[in-house]
Amino acid sequence: LSSTPPIQLGEHYFKLHPDESDPIWGNPCEDARHLKIWSRSKSCDSLPKFLVIGPQKTGTTALYSFLSMHPSLASNLPSPDTFEEIQFFNGNNYYRGLDWYMSFFPLQNATSSNSVHIGSPSGSSTNARYFFEKSATYFDGDLVPKRAHQLLPNAKLVVILISPAKRAYSWYQHTRAHGDVIANNYSFYQVITASDTAPKPLRDLRNRCLNPGKYAQHLERWLAFYPNQQLHIIDGEQLRLNPIDVMNDLQRFLKIAPLMDYSNHLRYDPKKGFYCQVLNESRNKCLGKSKGRIYPEMDEKSTKILQRYYLSHNTALVKLLKKLGSRPIPTWLKNELSTTT
Ligand code: A3P
């Protein structure tokens, strides 16, 4: 019996099946045969039960910090490159493989004395804290829904939406504050109106400002893989103004028991202008200076351009929310549509 050597055989195989040359990691816990040959040191519990997928600049860090306060939940270990975000399903980290991803969820970090249950078909242990992950770049990553679904088909997804125009402007200010030359040399108006013949770095910044805000398109991509019931949409304005109710709704959606009463843990901080974690009677712990930045209001010309630019996307979002059923239309969305029509 003879065969072509393995490397050549592999090369031949991928010539015949080029669509399979990009790896896709499946979930070993979904297949009894895979589980049987998996190392004993691995556990299905060291995969996240829910993902906060973004998009960027909608309040994802605030949500992450509020969730991290919950005794029943544990986030991933920090990444040396991207801090609290692992950014596994988008970009090159994906090729580092499943072991790399799972190393961010060590089981000893998940044990707690609290008896907890989170709604999930495979949720088994009672003495465990449940892992979650927040990577705000997931929302608009083309390949992310497919990859995430292959590995975490039962995961719940949490999305935060604010006015896409505000989000675009916040991203521009974020890039400026990081010393980006383009953002510092071009006004917001110049960035969002840059043409397709503009220099690439300018087009890239324009795209990073504008594209994540096409909410309906991105949501449809996620919904092609995940069922509606696994998706929770948070109104980012509510998260900013009334995080206690938002956290209650989210806990109910995630079916976390016991419910944590956030009214004992979050308080509006007049100096910061946002809700912060209560440390004691007189002290709060707020997010750093890079969250809740102070910058001038958006100029009128840009506001008008963006109202027109996002009209079709916002209309599609209303349609989608109605189609998905029993989902409130955020006030910012109603306002944006009423000022454009
Ligand atoms: P700005 O800095 O433009 O005001 P993200 O964490 O996804 O990057 O989002 C950052 C945005 O979160 C901030 O944008 C801010 O408006 C918003 N945010 C919502 N709740 C917040 C809170 N409690 N503390 C700080 N920022 C909050």
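Q: By class, what does the shell around the ligand have?
A: The shell around the ligand has 6 nonpolar, 8 polar and 4 charged residues. Here Ala, Val, Leu, Ile, Met, Phe, Trp, Tyr, Cys and Pro count as nonpolar, Asp, Glu, Lys and Arg as charged, and the others, Gly among them, as polar.

Q: What kind of model is this, and how are residues numbered?
A: This is a predicted model, in which local features need pLDDT of at least 70 and side-chain atom pairs count only at pLDDT 80 or more, while totals for chains, interfaces and linings use all residues. Residues are numbered from 1 along each chain as its sequence is written.

Q: Back to the ligand. Which residues are the closest?
A: Of the 18 residues that surround the ligand, the closest are Gly59, Thr60, Thr61, Ser170 and Phe274. A residue counts as near a molecule if its C-beta atom, placed from the backbone, lies within 6 Å of it.

Q: Which elements give two or more residues to that shell?
A: Helix H3 (60–68), helix H6 (164–177), helix H11 (236–241) and strand S7 (274–278). Helices (H or I, at least four residues) and strands (E, at least two) are DSSP runs, numbered from the N terminus.

Q: And which gives the most?
A: H3, with 3 residues.

Q: At what angle do the axes of H6 and H9 cross?
A: Roughly 135°, and the axes of H6 and helix H9 (residues 200–210) come within 7 Å. Axes are lines fitted to C-alpha atoms, for helices over the stretch in contact, and angles run from 0 to 180 degrees between N-to-C directions.

Q: What does that make H6 relative to H9?
A: That angle makes H6 oblique to H9. Under 35 degrees counts as roughly parallel, over 145 as roughly antiparallel, 65 to 115 as roughly perpendicular and the rest as oblique.

Q: Which residues make the contact?
A: Ala168, Trp171, Tyr172 and Thr175 of H6, with Leu205, Arg208, Cys209 and Leu210 of H9. Two residues are in contact if their C-beta atoms, placed from the backbone, lie within 7 Å. By class, this contact has 6 nonpolar, 1 polar and 1 charged residues.

Q: New topic: where is Arg283, and is Arg283 buried or exposed?
A: Arg283 is in the loop between S7 and strand S8 (284–285). Arg283 is exposed, because 10 other C-beta atoms lie within 10 Å; the cut-offs are 20 or more for buried, 12 or fewer for exposed and partly exposed in between, with C-beta atoms placed from the backbone.

Q: How many helices and strands in the protein?
A: 14 helices and 8 strands. Of its 341 residues, 35% count as buried.
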